[in-house]
Amino acid sequence: MPWIDTHCHLDAHEFGSESLQVAARAQQQGVGMIVVPAVERANFSIVRDLAATAPNVCYALGIHPIYVPQATEDDLLALREAVAQAMHAPNFVAIGEIGLDFFLPMLCEPAMRARQEHFLREQLKIARDFDLPVLAHVRRSQDIVLKHARQIRPNGGIAHAFNGSFQQAQGYLDLGFKLGFGGAMTFTRALQIRRLAAELPLDAIVLETDAPDISPAWIHPGRNSPEELPRIGAVLAELRGLDIAQVAAATSANVRAVMPRLPLME
């Protein structure tokens, strides 16, 4: 079964004009689908058009916490309108990337934390209202994102780049979320992430690259790419003592369980 990259910023400037070629090369490597989340209102149309052009690309719409400082209430209205229109598109799959980031200092001031939480809640409501999963950014914020998700109850989602505890993992699983693992898992010093990847139930895990970021060990600190996903998946297979094909099939089935709008792959 083809691999699925559940989180890839294929429209990022690091890819320049190569986005379509990268997607095609990834498909040749066995990556049957790449989910590209928006990060701000300005790229809603960009990710939509990219998905309309590349046969193995689908998209999500949302406002990333790093873009919250310059976002407006009008952007939330525009997001709701864009989602309503996208519900007719066969390659629109989720609300994302949304969430909280309490790692970057500029986002940790009390007023900015509150603003992030406001934008998260409003976007969770959009996901709930349209019965969509969310792609959740949870950097240094797993518990608070989880708190808001418990209150608003979107239709599941993925905790992207998960790096929490087993207890936090269970909290997300209880809400119908899956947990995203990628390049960080390939570093031998990433003991907690590797422990989670090895010991969590296999049906809890989906794979991602977050390309061009979170490069795996063999290309760090170079530009990451969805082409790396099969090799990242092979690391997961090794950690769990499983056959690579078994991991590809299981993780792809997990994506389809949490993201039912995902297009069928060839």
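A residue is taken as buried when its relative accessible area is under 20%, as exposed when that area is over 50%, and as partly exposed in between, with a 1.4 Å probe and protein chains only. By this criterion, 56% of the 266 residues of the protein count as buried. The structure is a predicted model, in which local features need pLDDT of at least 70 and side-chain atom pairs count only at pLDDT 80 or more, whereas totals for chains, interfaces and linings use all residues. Residues are numbered from 1 along each chain as its sequence is written, and side-chain values use heavy atoms, with hydrogens and water left out.

The secondary structure comprises 9 helices and 8 strands, where helices (H or I, at least four residues) and strands (E, at least two) are DSSP runs numbered from the N terminus. Along the principal axes, the C-alpha atoms of the protein fill a box of roughly 45 × 40 × 30 Å. The radius of gyration of the protein is 17 Å, which agrees with the value near 18 Å that a compact globule of 266 residues would have; this radius is taken over C-alpha atoms, and the globule rule is 2.2 Å times the number of residues to the power 0.38. When contact is defined by heavy atoms within 4.5 Å, 70% of the contacts between residues at least 6 apart in sequence join residues at least 24 apart. The protein exposes about 11,100 Å², of which carbon and sulfur atoms supply 52%, with accessible areas computed by the Shrake-Rupley method with a 1.4 Å probe and, for residues, with only the protein chains shown counting as cover.

Pockets were located on a 1 Å grid over the protein atoms alone, a pocket being an open set of points with protein on both sides within 12 Å along at least five of seven lines, and lining residues having an atom within 4 Å of a point. Grid points are joined across faces, edges and corners, and a volume is the space filled by probe spheres set on the points; the probe is of 1.4 Å. The largest pocket has a volume of about 980 Å³. It is lined by 42 residues, of which H137, H160, D210, D213 and I214 are the closest to its centre. Two or more lining residues are contributed by each of β4 (92-101), β5 (134-139), β7 (177-181) and α7 (191-199). The lining of the largest pocket divides into 18 nonpolar, 13 polar and 11 charged residues, where Ala, Val, Leu, Ile, Met, Phe, Trp, Tyr, Cys and Pro count as nonpolar, Asp, Glu, Lys and Arg as charged, and the others, Gly among them, as polar.

The second largest pocket has a volume of about 170 Å³, and among its 13 lining residues F44, R48, Y59, L61 and A82 are the closest to the centre. At least two residues of this lining come from each of α2 (44-53), β3 (57-61) and α3 (73-86), with α2 giving the most, at 4 residues. The lining of the second largest pocket is made up of 8 nonpolar, 3 polar and 2 charged residues.

C8, in the loop between β1 (3-5) and α1 (19-28), is buried, with a relative accessible area of 0%. Its C-alpha atom is 9.6 Å from that of Y59, although C8 and Y59 are 51 residues apart in sequence. Beyond the neighbours within four places in sequence, C8 is in contact with I34, V35, V36, P37, T209, D210, A211 and P226. K178, in strand β7, is likewise buried, with a relative accessible area of 15%. The C-alpha atoms of K178 and A159, which are 19 residues apart in sequence, are separated by 6.4 Å, and the contacts of K178 outside four places in sequence include G157, I158, A159, D203 and A204.

Most residues other than glycine have a negative phi, and most peptide bonds are trans. Against this background, the bond from G96 to E97 is cis, with omega near 10°, and E97 lies in strand β4. A cis peptide bond also joins H220 and P221, with omega about 5°, and P221 is placed in the loop between β8 (205-207) and α8 (229-240). Positive phi values are found at D131, near 60°, and at A161, near 50°.
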